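Welcome! Let's take a friendly walk through a protein structure together.

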Amino acid sequence: MEVADIKKQGAGEAEYGNLIRAIEMNTQIRDLSRVRDAFEFARTAHGEQLRKDGTPYITHPLNAAIIVAEMGLDEESIISAILHDCIEDTQVTHEDIAKRFGDSVADIVEGVTKLARIRYTSKEEEQMENLRKMLMAMARDIRVILIKMADRLHNMRTMEYQSAPKQREKALETMEIYAPIAHRLGMQKIKLELEDLSLLYLDPVGYHEIEAALQERARRNEGFMERTEQAIKNRMRESSINCAVQSRTKDIYSIYRKMFGQDKEFDEIMDIYAFRVIVDDIAECYNVLGCIHELYKPVPGRFKDYIGTPKPNMYQSLHTTVIGTEGIPFEVQIRTWEMHHTAEYGIAAHWKYKEGIEGRSDEEKFAWIRNLLESQEDTDAQDFISTLKVDMFADEVFVFTPHGDVKSLPAGATPIDFAYGIHSAIGNRMTCAKVNGRIVPFSHVLQNGDVVEIITSNTSKGPSRDWLTIVKSSEARNKIRQWFKKERREENIVTGRAAFEAEMRRQGVPLNVLGDERTLSRILERIAVRSLEDMYASIGYGGLSAQKTVNNIKDELRLIEKATKNAEVKPPWVSTALIAEKAVNGVVVEGVDNCLVKFSHCCMPVPGDEIVGFITRGYGVSVHRTDCKNYSVSAQRESEKDRWIKVHWAPSEEERYQTGLAITANDRDGLVMDIATVLNSLKIKVDALTARDMGGGLATVFITIKVKDKNELGIAMTKIMGVRSVKDVKRQGN
Ligand code: MN
């Protein structure tokens, strides 16, 4: 056998012996075979790994397991503590552990592993709170947190071999995250030790100053603690009170806080010395208090009954400060054994005391913890209680930004929720999302501890309507709706207006009804929009249906018509205008009265031409010939075809219409003059004339003329054809 193998086999045996003693003293576990199995399993898995101080790695999980055993936790917790670094640091998988030790142990170990992967950087208090919540939310099983505490405590106890930056980083994290969690779970013993150990690395000078002052005080008051402890014990014996008496000096960090936080001198701190009397039942606590107050003079205003009114973290005790025989003040805490365990181990102690909890379903366990915490009335604790609820019912998820900030989102949230949670501009411009460095679909469901990165682009087309069905947070949903309302307002107005006008025509309602102010305001009121533009915009983004809007308008018109039948002043459309049509520029737009009409420049129709109207964006109806190229193309387009409406020429003698001809001829001197002469003889006015050399001796003359109708134009075209060297005469726009 190799030397290394012998070493490996012996590794951790001493710690394992301590673990067995801790289990026997603090728990009901008597069959240790599974614990031994876990030890062998973890020792093999960690193999040759060493800690920074040179000891075999297995000593660390064993020491963590000792702390867990001291809390009085169950067998699964102790086994999980022994295995807690296996998934993180060795080849062992969740499956391996599940096979040998059961799913529950494997889940706990995996839970502890996940917590270890949370990156931590010091932030403002709000971020700290979110990080604490994230830890709780990720834990799911409260035992994960308790084991994590034990892990952290042992690491803090053995920090001296770590590098200075590592020490500081871990100490800060412990002070800001783990000690507050320990406090809130009532784990006072662990909390105090974590704080003192953190302080040692965060402010070694302050720490040693207080340590030295305490030693100095101990020299000055030599034997004080022993004498006082003995005096209390004697007094209790006289009264036949069965109890244990403990003495200690206050922990260094709480003295530090008083000195530096409340700006006190070391000598001003009253309760450097503290004594504890632990008895069997509550009634005895008050007897002890009476005896103490007989023995020593109480300091007024320092008595606190945390038995009648427990602290939010379940802490119960009687506190009093008295002046000892030597004039030295000290604090006495009086409590039962159960209270004592709760004070030391908080929630873990309740685990131990409420027998049979292990057998219950998870839901029952969580309900129990929740009730326990909810039964305490303290606003300070409220937030944390809701955190535990978050954990138990998982209605929130906590994720990181790439900068390490924590964002809280509703459970089931997606990268879209995250993006809008940061800023609406991020959401509106997002093109891609990464979770833990990998590109994911927008519908990806975020998990606690995920690092989420949003990639944006200024050329992004903005959110998609599908997102509304994917997002979980109302914040994101509202911001996306906002975007569709605002950013696309112009477009919404145009498409909304087109849809609206098409629907008005379909239902045979003349558009001019909107021209009467009183009528318009009644209509807008009925539809509950502020302006016509708002109405178009709403129809455009889908907030209003065009059909319903027109139905509403028709209803309203009927009401108005009825009400104004006998009135003297009637809206212009009443009775007559609903069907009347009036020509504008000699063109009647069917179903619409008095709308702006202009003639297209591309085909320049004249009376006699078959024509059709196009609803332009803001410039009324543009009239084209039905043989115009632009019409035939546009009428095929899905987006435009509904904007073409029927128009016809109104009989008129006065109007003249502009149109254009393209005349191709063999170029020669006097050509343009001859064309002008022909037109002049017909009394046709020429508005513009240009000629272009087409090469090969050919020229094209473009003329813009005004004619009465197609007939007059036809005559003009025939006459021009008769001009010498003219080969072809065509209308422009074909
Ligand atoms: Mn560890």
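The notes below go through a metal site, a pair of helices and the nonpolar cores. Keep in mind that this is a predicted model.

**The metal site**

- A manganese ion is held by four residues: His60 and His84, each through NE2, and Asp85 and Asp151, each through OD.
- These donor atoms sit at 2.1 to 2.4 Å from the manganese ion.
- Along the sequence, the donors of the manganese ion follow the spacing H-x23-H-D-x65-D, and His84 and Asp85 are both buried.

**Two helices that meet**

- Two packed helices are described by the angle between their axes and the distance between the axes.
- Here, helix α12 (residues 188-202) and helix α15 (residues 252-261) have axes that come within 8 Å and cross at roughly 65 degrees.
- On the α12 side, the contact is made by Glu195, Asp196 and Leu199, while α15 brings Ile252, Tyr253, Tyr256 and Arg257.
- Sorted by class, the contact of α12 with α15 has 4 nonpolar and 3 charged residues, with no polar ones.

**The nonpolar cores**

- The largest nonpolar core counts 72 residues, and Leu19, Val35, Met71, Ile78, Ile82, Leu83 and Ile97 have the most contacts inside it.
- Helix α10 (residues 142-157) gives the most to this core, namely 9 residues.
- Take Ile78 as an example: beyond its neighbours within four places in sequence, Ile78 is in contact with residues including Leu19, Ile23, Val35, Ala65 and Leu73.
- Another core, of 37 residues, lies apart from the largest one and includes Met259, Val288, Ile292 and Ile334.

How values were computed
Residues are numbered from 1 along each chain as its sequence is written. This is a predicted model: local features need pLDDT of at least 70, side-chain atom pairs count only at pLDDT 80 or more; totals for chains, interfaces and linings use all residues. Side-chain values use heavy atoms; hydrogens and water are left out. Donors are N, O and S atoms within 2.8 Å of the metal (3.2 Å for Na, K and Ca); water is not among the atoms, so sites may look incomplete. Buried means under 20% relative accessible area, exposed over 50%, partly exposed in between (1.4 Å probe, protein chains only). Axes are lines fitted to C-alpha atoms, for helices over the stretch in contact, and angles run from 0 to 180 degrees between N-to-C directions. Helices (H or I, at least four residues) and strands (E, at least two) are DSSP runs, numbered from the N terminus. Contact means heavy atoms within 4.5 Å. Ala, Val, Leu, Ile, Met, Phe, Trp, Tyr, Cys and Pro count as nonpolar, Asp, Glu, Lys and Arg as charged, and the others, Gly among them, as polar. A nonpolar core is a set of buried Ala, Val, Leu, Ile, Met, Phe, Trp, Tyr and Cys residues joined through side-chain atoms within 4.5 Å.
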